[in-house]
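Hi,

Here is the structure I said I'd pass on.

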Amino acid sequence: GEGETQGGMGEMGIIVQNNFKIYAYTHSSVQMSLLAHFCQIQCKMPGLLVGILARESCSKSFKQGISAEQILRFLSTNAHPIVYQRLTTAGKAIIPHNVDIQLKLWERERQRVKETQACWLTDFDSFEQFKRTVDYAKGCKCVLWSTPFEKITDKTGRPEGAHLVIKSEHAEIIKKYVQTLLTQRQ
């Protein structure tokens, strides 16, 4: 057709390579702007934008509420006609499989770590005090981590290695409980 070069490269659309490079043949400032949200732009010329999908640029998008699925849908929906041709003739995916999986992994990576304010309790007087405090904190659903009971040694009459990490908003309640245990002991 008119305006096409050999191999259809004069047509508009996006090509995603398995090395995470993106070639966007477009005059649309909206498409270029959207690509800049999740790509590191390497080259911008009239009708062509070259970028690369990278962890940092994708993470920035995830923080802004853009999901990996939305990025992949955008790239697929706006794929270059030559990519669709490759799909129909060779049965290859529009987005390379390794790129698809990596975007989803980067998104999951961001979701698996959550920051929580915490209070770290140590220096328990006895194994029994530690055990009862952990049980009480578990009942309050505020335990973030505790030393497994079988890992604690009691060579000096005091539990060694006894650690309890709780959500900081419950710290006062748990400390009062420990004080109650101390006064019951006396």
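Below is what came out of it, starting with the sheet and moving on to the cores.

Bear in mind that this is a predicted model. The sheet is an open one built from four strands, in the order β1-β2-β4-β3, with antiparallel pairing. β1 and β3 (40–45) sit at the edges with a single partner strand each, so one side of each has no neighbour in the sheet. From one strand to the next, the twist averages 15 degrees.

Now the packing. The largest nonpolar core counts 29 residues, and Ile14, Ile22, Leu35, Phe38, Leu53, Leu75 and Leu103 have the most contacts inside it. At least two residues of this core come from each of β1 (13–16), β2 (21–25), α1 (29–38), β4 (48–52), α2 (55–63), α3 (68–77) and α5 (97–112). The top contributor is α3, which gives five residues.

Leaving out residues up to four places away in sequence, Ile14 touches Ile22, Tyr23, Ala24, Leu35, Phe74, Leu75, Asn78, Ala79, His80 and Val83.

Cheers

Key
Residues numbered from 1 in each chain as written. Predicted model: local features only at pLDDT ≥ 70, side-chain atom pairs only at ≥ 80, totals over all residues. Heavy atoms only, no water. Core = buried A, V, L, I, M, F, W, Y, C linked by side-chain atoms within 4.5 Å. Buried < 20%, exposed > 50% of the residue type's maximum accessible area, 1.4 Å probe, protein only. Contact = heavy atoms within 4.5 Å. Pairing = 2+ DSSP bridges. Axes fitted to C-alpha atoms, helices over the stretch in contact; angles between N-to-C directions.
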